[in-house]
Amino acid sequence: MNIYKSQGIIEYKGEWAILKCSNSITKYYKWWVDRLEWKKSSTTLHGAHITIVNGNFQKLSRSSLWKKYNRKKIDFTYSSRIMKNSEGYYWLNIKCPFLEKIREELGVSSTPKWPYHLTICFIDPNSGKKV
């Protein structure tokens, strides 16, 4: 397993705060998932991104600190180990202390319910669709 560095740009979309990442990262790992699983995967709905705050915190979008870091470029690291769950999602674990800082400033836990990750793709576990 290798650790790589990349950058993303913080964006606020309604009641969501995300770190928009390069689609080339997810495209590369999606290619591997398709070959290793022998099934065609689907891409993520919102493109390559890391969720900072999801839409479950509507009141945060009215905070004076909301959009404080809009369009800020920040660094993160990610693991090359592809993770998956029984529901068909594939992702890479990431580390980014700055994302924890943003959440703390907004008054929510510095660690989200699901650890920071970059979703690669989805394969319906009930699908027999081969590559």
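Me: What should I know before reading the values?
Reply: Residues are numbered from 1 along each chain as its sequence is written, and side-chain values use heavy atoms, with hydrogens and water left out. The model is predicted, so local features need pLDDT of at least 70 and side-chain atom pairs count only at pLDDT 80 or more, while totals for chains, interfaces and linings use all residues.

Me: Is Lys 30 buried or exposed?
Reply: Buried means under 20% relative accessible area, exposed over 50%, partly exposed in between (1.4 Å probe, protein chains only). Lys 30 counts as buried because its relative accessibility is 11%. Its contacts (heavy atoms within 4.5 Å), not counting residues up to four places away in sequence, are Lys 40, Ser 41, Ser 42, Thr 43, Ile 120 and Cys 121.

Me: Which side chain of opposite charge is nearest to Arg 103?
Reply: Lys and Arg count as positive, Asp and Glu as negative; His and the chain ends are not counted. A salt bridge needs a side-chain nitrogen of Lys or Arg within 4 Å of a carboxyl oxygen of Asp or Glu. For Arg 103 the nearest such side chain is Glu 104, 8.5 Å away, and this buried arginine has no salt bridge. Its side chain does reach the backbone oxygen of Ile 52 at 2.7 Å.

Me: How many disulfides are there?
Reply: A disulfide is a covalent bond between the sulfur atoms of two cysteines; here the cut-off is a pair of cysteine sulfur atoms within 2.5 Å. The whole structure has 0. The sulfur of Cys 21 lies 9.1 Å from the closest cysteine sulfur, in Cys 96, so the two are too far apart for a bond. Cys 121 is in no disulfide either, with the sulfur of Cys 21 the nearest at 15 Å. Cys 121 counts as buried, at 1% relative accessibility.

Note on methods: A polar contact is a pair of N or O atoms within 3.5 Å; within protein, one must be able to donate a hydrogen and the other to accept it, and residues adjacent in sequence count only if both atoms are side-chain atoms.
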